[in-house]
Amino acid sequence: MSQLVFEQFLNGIQLGMFLFLVSAGLTLVFGFMNIINLAHGSLFMIGAYSIALISGATGSFWIGLILCLPVTALAAFIIEVLIIRPLYTRDHLDQVLATFGLILFINEGTTMLMGRTPQFVDMPEALSGSVTLFGVFSYPLYRLAIIASGIIVAAILWFIITKTRVGMQIRAGTTNREIVQQLGVNIDGLNTAIFLVGAMFAGLAGAMAGPLTSVEVGMGENLLILCFVCIVIGGIGSIRGALFGALTVGIVDTMGRSFLPSILGAFLDPASASGIAAGLSSMSIYLLMVIVLVLKPTGLFPVAGRIS
Amino acid sequence: MLQIRNLCKNFGALAATNDVTLNVDEGTIHALIGPNGAGKTTLISQISGYLTPTSGSIKFDGQDLLAMPAHLRPHAGLVRSFQVTSVFPDLSVIENVCLVLQSMNHQVFSLFRPAVADKAERAEAMEILERVALENEAETTTRNLAHGQKRQVEIAMALAARPKLLLLDEPMAGMGAEESRQITTLLDGLRGSITMLLVEHDMDVVFGLADKVSVLVYGKVIASDTPRNIRLDPEVQRAYLGGHEFHDRSA
Amino acid sequence: MISERHLPKLMALGVLVLLLLPLMLNASGSSYLISTATRLVIFAIAAVSLDLLIGYTGLVSFGHAAFLGVGAYTVGILSFHAYEGDTFFGLPGTLSGLIVLPLAVALSALVALAIGALSLRTKGVYFIMITLSFGQMLFFLFVSLEKYGGDDGMMMFDGRITLPGLDLNDRMSFYYFCLACLIAFFWFCRRLVASKFGRTLQAIRQNEARLSSIGIRSYTAKLLIFVIAGAGAGLAGALSANHTEFVSPALTHWTRSGDLMIVVILGGIGTLLGPVLGTIVFLLLEEFLPLILHSVGLDLLSEHWRFVLGPILILIVLFAKSGIYGLLFRSRE
């Protein structure tokens, strides 16, 4: 039992790291650029398809992993210049609609190019085994690698945001846009840079998800909704909040799915227990978000000075 | 009419309102002056309920004001106007005023009767617009008005709330000289029927209108007296009026 | 562009067209399109109700499909128990429209009251997200109702609800019944937004912070309109269940809420008529864009017509700010 609990806990952290990789870009774009980008999930999907194609063609997971970054960045650059830029001064409603249109375009385009059959990515040999943790628990190496990459990205982001000049500009811009403009910062350049970096994290997450799930159209949207939950729980614009939100959502979701059926099974007959448990565990993160927002209407780590 | 006792409001380490005690007597026009950042708007916001004080008490008409939700204060006769113009930009001028009237008449939840069918309400609104000299702009969408005219809408809305005590936060800021004179005359004419607490930078207006003047510096009331005595108060001179500007304009 | 002054005449004309539509479709031998027209009318009810929130009050609700679900499942569950002949918490099922429809509307209003009471504590983006969350919660709730088909949903084996003097299983009668609902609801909303309450809603959208200083508590007004809009969507959901004689969680999926938002924005927010136009255009695109693309030889795109719809949406957002309504009508000023 404790093996199972521990394993599911680590799975939760691993899902949380995925969510964090995608949420980080989302929350920065949202916090700094004040843009709701529903198509952020499409960048995740583009990352996943890139690795499926490239590693399929070259036979190397690693080449695919490295090349998926420039591919996603290129896609993000085109999106930013053509569609996101004109949306800076528009309200959230317009942004939601335009980026929803973008999702339709990218999803159908991908279906046309790749067909409806899911793609699969082989796990790299070097990461395909299991390791024994604390001399007792066995856990897949690949999933540990994902957790590690999440931690590395979080560390890099923490360093950039708190220790560098650009980070200071980003923090200032998230709190008060006018200040940054008056400081003579190249806002357009910074916007594009943030968008590209956020997109590459999402692409990286998509690539790493490749060996774990089937690569298919629509994979981005399901994840996107979860990521919105993460950044809203954490407080929009806050990287710390995104990390906290992502880990919480990852753990709550995973633990709920694995243990609610047996917990409910103790009280109810098996048939209805499994149905209710499935519903409840899918609902749990939304319930969590509602509770957070009812108690703290701007999330757990609100960025100071920001209204809505 | 309004009694403020030992009012404090802290923003972190900053004491925006520092132990303020102030009385506004019924029927008077009471001016509140002070340099920028002295905490005048912060004080007005606490009286109107937009901010909650850290400590102290405010009594209005004998009632404990701090126990009263902000949206009920206008119904008790306590009405404010805003320093930064805060109108409803996509409604017409007369609708801005009607909106206040419908609130005062408890008709917010009138769901089916067309709003324009209420002739009495429109007539009353028109009357108020005439008082602030906006009758010719009644049907204009408010966002299309000149800045000074929006200030007049602000005052019309305040009057429409049938105030007993009117908190005016720099009502003339941004108005032209002509409108400013008009509003000064209007306020002067309301003396006695409406009590006013007036924040204003224009010393001509202050000394022309006020029965009493309080001076706020760094969140503290440093003097509260008749305009004549305030002019002569050396501490006020030193702390705020600073000499030349004051003498130039009131000489 | 047409002046808004001609609006009443044009709307009367529009109603006339909608009234004659089934006859024209029958005459032209394309009576199968009556079902599409019915879908359009039902969808328009939901879109108009959402416009009350987005367009008039400035409340961007991203979970409006939840109320479609509540309305539809009320119908579905009552029908299920009527068919099985058993009871639901001691109450028998029924197909009687005089019970089912008011109950569907009332339950949707009740759910909207609960969701609104909590959601309206938040503002802006957080409101968008919390309504989305509630929508998802209801979606998964319906998925978990294994007795009522779970993921797959359930058929209404006894057909549509019954009303005295009207056979709703006849597709013409059902179309006219839905049209009557749309016209009544549209008229109700027109009255509502032109009333003093409607004026309050617009004031909330334009400058909510100012309201307490003129003695209005915006929360109560927002809650009331949220409940009214929820009830409207519930009606649409109940009709939709009857239309397809099928109820499933798909009706409450978040992309349905997205579709509704698209229709409202596409048509022009804050106009009531815009969302109806938006519905017409959206469903016509869905129905005919594949055919058009096919006829001009773009066969690949005709299967993937959303590939074309996406850019159309983006272009409309970027270049036609006030939607179809704004393209057609010139404001009176």
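Biologist: Which chains share the most contacts?
Modeller: Chains A and C do, of the two pairs of chains in contact. Contact means heavy atoms within 4.5 Å. This is a predicted model, where local features need pLDDT of at least 70, side-chain atom pairs count only at pLDDT 80 or more, and totals for chains, interfaces and linings use all residues. Residues are numbered from 1 along each chain as its sequence is written, chains are lettered from A and ligands numbered from 1 in the order in which they are written, and side-chain values use heavy atoms, with hydrogens and water left out.

Biologist: How far apart are the nearest C-alpha atoms of chain A and chain B?
Modeller: They are 13 Å apart, and the two chains do not touch.

Biologist: OK, helix α1 of chain A. What span should it have, and what does it have?
Modeller: It covers residues 2–33, and its 32 residues should span 46 Å at 1.5 Å a residue. The expected span is 1.5 Å times one less than the number of residues. The end C-alpha atoms are 45 Å apart, which agrees. Helices here are DSSP runs (H or I, at least four residues), numbered from the N terminus.

Biologist: Where is the kink in it centred?
Modeller: On A:Ser23, with a kink of about 30°. The bend at a residue is the angle between axes fitted to the seven residues ending there and the seven starting there.

Biologist: Is α1(A) enclosed or open, and why?
Modeller: Largely enclosed by the rest of the structure, because 24 of its 32 residues are buried. Buried means under 20% relative accessible area (1.4 Å probe, protein chains only).

Biologist: And what comes just after α1(A)?
Modeller: A:Asn34, which takes a positive phi of about 60°.

Biologist: New topic. How do α5 and α6 of chain A cross?
Modeller: Helix α5 (residues 141–163) and helix α6 (residues 165–175) cross at roughly 80°, and their axes come within 5 Å. Axes are lines fitted to C-alpha atoms over the stretch in contact, and angles run from 0 to 180 degrees between N-to-C directions. So α5(A) is roughly perpendicular to α6(A) (65 to 115 degrees).

Biologist: Which residues of α5(A) make the contact?
Modeller: A:Ile160, A:Ile161, A:Thr162 and A:Lys163. From α6(A), they include A:Met168 and A:Ile170.

Biologist: Last one: is A:Ser281 buried or exposed?
Modeller: Buried, with a relative accessible area of 3%. A:Ser281 sits in helix α11 (residues 270–295) of chain A. Leaving aside neighbours within four places in sequence, A:Ser281 is in contact with A:Asp253, A:Gly256, A:Arg257 and A:Leu260.

Terms used
Helix = DSSP H or I, 4+ residues; strand = E, 2+ residues; numbered from the N terminus. Parallel < 35°, antiparallel > 145°, perpendicular 65-115°, else oblique. Buried < 20%, exposed > 50% of the residue type's maximum accessible area, 1.4 Å probe, protein only.
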